[in-house]
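Subject: Structure handover and notes

Hello,

Here is the structure for your files. My notes are below it.

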Amino acid sequence: MPFSQKALPGSGPRPGARETVALLAGLMALNAFAIDAMIPALPDIGAHLGVSEENRRQLIIVAYTFGFGVGQILWGPLADRFGRKPVLALGITLYTVFATMCAFAPSFELLVAGRMLQGASAAATRVLVVAMVRDLFEGEAMARIMSLVFMVFMLVPVLAPSVGQLILLAGPWQAIFLVLAAYGLIMLSWSWIRLPETLHPEYRRSLDLRELASAARSVLTERQSLGYTLAQTAIFSGLVAYIASIQQIVFDAFQRPEAIGLVFGAVAAPMALASWLNSRFVGRFGVRRVGHLGVLAFVILTTLHATIATLWGESLTEFVILQGLVMASFAFTSSNLNTLAMEKMAPIAGMASSIQGVIGTVIAAGAGFAIGQAFDGTQLPFLWGFAVCGVVGALLVLFTEPRRLFERLPPIDDTPAVPPQARLAE
């Protein structure tokens, strides 16, 4: 995998390609682990804090997701002004502090508040990882790097619920938050020591409100940026609904609480494999063709799964197989739609990553929560909600670039001697 060190400003140690991907994936995994490790602990948390209503426990997941979405609006402008590295360090530090706060929360309300603040802090990792990749790469190259990052990132859902269960065997649910805090400290140290600054000083932007408003307007009015952001949002809503609902589906709909870790891992594993395949396919077929085909497959598979479960019913094994195929198709959409949304945003990568992240996460958190609240003891509300998310996402892709559907672009040079901002400035 080519990697250009010339695009990294400043002096100091340079991580290699594999370490860079692992580091960026580890940063994004802070967020995934904070969500997925909680799933086995929801009943224990509810019992300890006096929350008997199962649907209300979903707030532990949804509050984090909402904070993660809203928090992104802060980190992008700060990163464009002060650089990627110090802002990232601040976000991880706060993530560690609020994880510790959650561990000692005396009430459900304070726990939910701490989760929201933890999510807002973790938003720095999403914004900064996307911005740093955009600093260094573009087009198919960016999609390949993002796919490799997501491949490692997708392995977290395979392991996190089982890790959560192991922690619960050794201690109370509070121990999960202490492990999250320890993980945050590890990533803070690793990124501070090894990660160079990727934003050139000459491309730093001020925090002047008029300049920020102008950048935000560019993100929201550029058709490709807004269209693919909304399409990604619709599909991501289904993922939020899945994370919020899967514990109840396994525990109540299928009556197999002991299988939650295995089910979550079996469904998530195809996502990791698909992300690796995506990193290969985009270089051969182009980010649009692969991304658009991924959306089409997502619509077909979600609708097929919902139809089969409604008309004929399904066992837990059949649910896992069909949902695994759905999540594999999701992996072919996520990094590619994100790449297309960021394609023209190189000069304002931090702000663009923030705004797109806020739109995607906040709306998805609300829509996913609504789908999760429709749980009626069966998996059907979730499955049909997931299918609707796919249809809406496909329609938004069609509206955004109707004349470029499944287009294959020639491969571009993915080892630029100068960063994308410089080429655009020229």
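Predicted model: local features only at pLDDT ≥ 70, side-chain atom pairs only at ≥ 80, totals over all residues.

Residues are numbered from 1 along each chain as its sequence is written, and side-chain values use heavy atoms, with hydrogens and water left out.

**Overall**

The protein chain has 16 helices and 0 strands. Both are DSSP runs numbered from the N terminus (helices H or I, at least four residues; strands E, at least two). The chain has 426 residues, and 58% of them count as buried. Buried means under 20% relative accessible area, exposed means over 50%, and partly exposed lies in between (1.4 Å probe, protein chains only). Of the contacts (heavy atoms within 4.5 Å) with a separation of 6 or more, 87% are between residues 24 or more positions apart.

**Helix pairs**

Two packed helices are described by the angle between their axes and the distance between the axes. Here the axes are lines fitted to C-alpha atoms, for helices over the stretch in contact, and the angles run from 0 to 180 degrees between N-to-C directions. Angles under 35 degrees count as roughly parallel, over 145 as roughly antiparallel, 65 to 115 as roughly perpendicular, and the rest as oblique. A crossing is left-handed if the near helix is turned anticlockwise from the far one by less than a right angle, and right-handed if clockwise. For residue classes, Ala, Val, Leu, Ile, Met, Phe, Trp, Tyr, Cys and Pro count as nonpolar, Asp, Glu, Lys and Arg as charged, and the others, Gly among them, as polar.

α10 and α13 pack with their axes 9 Å apart, at an angle of about 150 degrees, and are therefore roughly antiparallel to each other. Their crossing is left-handed. On the α10 side the contact includes Tyr228, Ile235, Phe236 and Leu239, and on the α13 side the residues include Phe319, Gln323, Met327 and Phe330. By class, this contact has 14 nonpolar, 8 polar and no charged residues.

α13 (residues 316-342) also packs on α15 (residues 380-400): the axes come within 13 Å and cross at roughly 25 degrees. That makes α13 roughly parallel to α15, and the crossing is left-handed. Phe319, Gln323, Val326, Met327 and Leu337 of α13 make the contact with Phe382, Leu383, Phe386 and Val397 of α15. This contact has 8 nonpolar, 1 polar and no charged residues.

Leu212, Ala215, Ala216, Val219 and Leu220 of α9 meet Met351, Ala352, Ile355, Gln356 and Ile359 of α14. The classes here are 9 nonpolar, 1 polar and no charged residues.

α12 covers residues 287-311, and its 25 residues should span 36 Å at 1.5 Å a residue; the end C-alpha atoms are 36 Å apart, which agrees. The expected span is 1.5 Å times one less than the number of residues. Gly313 follows α12 and has a positive phi, near 80 degrees.

Thr302 is found in α12 and is buried, with a relative accessible area of 3%. Leaving aside neighbours within four places in sequence, Thr302 is in contact with Val326, Leu383, Phe386 and Ala387.

**Other residues**

Most residues other than glycine have a negative phi. Gln255 is not a glycine, yet has a positive phi of about 55 degrees. Gln255 is found in the loop between α10 (223-253) and α11 (260-285), and counts as exposed at 57% relative accessibility. Phe406 likewise has a positive phi, near 60 degrees. Phe406 is in the loop between α15 and α16 (420-425) and is partly exposed, with a relative accessible area of 33%.

Ser162 is in α7 (residues 139-170) and counts as partly exposed at 29% relative accessibility. Ser162 and Asp36 are 126 residues apart along the chain, and their C-alpha atoms are separated by 9.3 Å.

Regards
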